[in-house]
Amino acid sequence: MHFEFEHLGTTTPFELAEGQHLLGGGPEDQVRLEALPPAFLTLRIESSRLTVEAVRPFTVNAVLVPPGVPRLVLPGEVVGLPEEMRLKVLQAPDSGTRGMGTAAVLKHLLSEGADLPPSRAPTLTCLTGLDVGRTFPLSEAKTDLGRGTQVDLRLRDRAVSRSHARILREGSSFTLVDLDSPNGVYLNGRRVKVRTPLAEGNVIELGQTLLRFQAAVEDTAPPAPALAEAPPPVEAAAASALPQDAPPNSLAGPAREMSRAEVWLIGLGVATALAGVLVTYALLS
């Protein structure tokens, strides 16, 4: 990979082979710069892909990168070092153009998703490439990613294999799997070699496409409504309305309806009294 080092107006080109290299002012550093601390910057080169990680803050295209965070650096970007040093990654002749928005990628990589609206379903949001801005829900137990027509999530990226990666869902947990793709799968700048758990804000790299994982927002259960106090039974309410000396089976209020037997008894009493009156009248006359 080709680089260009600039300091005090002087530009020096150099080249590094694939592998891991240390840049700093120590005797063990492969790229030695006396003004820097030992092992200040770690450069990992895999094919045409570069990730950098530093022991102190540095910048990429004037965007601050905290220490200990792997940072994907694209051709044409400039790494800012202490003492006004600059390290530029040169465009490889056969790598083509990669229209990736570096500031937006870093923002999504380091933030906790405050700029994205919360989602009730887990999603992948495309940050770069031809599918930039698209959001894909992860609703199935298995989601295959790739360029082919048979996958669940299809990406328009020639550097992506037809069947490139797989995301497995087990309850609320998600894991990322590489399906033996030639270009590999990277999570936050590190190559995925085994099943790797996904966490909120993780950035997945497939070919020249970056995807940001967003976990689902759990719904908060609404508080249970207060139970209305049951009205007192009719019998208890009626009994409470009775005077203290009233018999238990008496009811206040309007007179209850008389039964059929009571009607017959009253009628019989009336008839007997009428018969007595008639007999008395007959005897007197």
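Trainee: What makes β12 and β22 a pair?
Mentor: Two strands pair if DSSP finds at least two bridges between them. Four bridges join β12 to β22 (residues 209-214), and the two run antiparallel. Four meets the cut-off of at least two, so they count as paired. Keep in mind that this is a predicted model: local features need pLDDT of at least 70, side-chain atom pairs count only at pLDDT 80 or more, and totals for chains, interfaces and linings use all residues. Residues are numbered from 1 along each chain as its sequence is written, and side-chain values use heavy atoms, with hydrogens and water left out.

Trainee: Why is β12 called a strand, and where does T123 lie?
Mentor: A strand is a DSSP run of E with at least two residues; a helix is a run of H or I with at least four, and both are numbered from the N terminus. T123 lies in β12, which covers residues 123-126. Its bridge partner in β22 is Q214.

Trainee: Is T123 buried or exposed?
Mentor: Buried means under 20% relative accessible area, exposed over 50%, and partly exposed in between (1.4 Å probe, protein chains only). T123 has 6% relative accessibility, so it is buried.

Trainee: Which residues does T123 touch?
Mentor: Contact means heavy atoms within 4.5 Å. Leaving aside neighbours within four places in sequence, T123 contacts T135, F136, P137, L138, R212, F213 and Q214.

Trainee: What is the strand order of the open six-stranded sheet?
Mentor: The order is β13-β12-β22-β21-β18-β19, with antiparallel pairing.

Trainee: Why are β13 and β19 said to stand at the edges?
Mentor: β13 (135-137) and β19 (190-191) each have a single partner strand, so one side of each is left without a neighbour in the sheet.

Trainee: What makes a group of residues a nonpolar core?
Mentor: The members are buried Ala, Val, Leu, Ile, Met, Phe, Trp, Tyr and Cys residues, joined through side-chain atoms within 4.5 Å. The largest such core has 23 residues; L23, L41, L43, L81 and L87 have the most contacts inside it. Strands that each supply at least two of its residues include β1 (2-7), β5 (41-46) and β11 (85-89). L87 touches F3, F5 and F14, among others, not counting residues up to four places away in sequence. A second, separate core of 20 residues includes F136, A165, I167 and V192.

Trainee: How do you know that R44 and E53 form a salt bridge?
Mentor: The rule asks for a side-chain nitrogen of Lys or Arg within 4 Å of a carboxyl oxygen of Asp or Glu. The closest N and O atoms of R44 and E53 are 3.3 Å apart, so the pair qualifies. R44 is partly exposed at 22%, whereas E53 is buried at 16%.

Trainee: What about R134 and D131?
Mentor: Their closest N and O atoms are 3.0 Å apart, so this is a salt bridge too. R134 is partly exposed at 38%; D131 is buried at 2%.

Trainee: How far apart are the closest N and O atoms of D144 and K142?
Mentor: They are 3.5 Å apart, so that pair also passes. D144 is buried at 10%, and K142 is partly exposed at 40%. Shared partners join R44, E53 and R190 into one network of salt bridges.

Trainee: How many salt bridges does the whole structure hold?
Mentor: The search finds 12.
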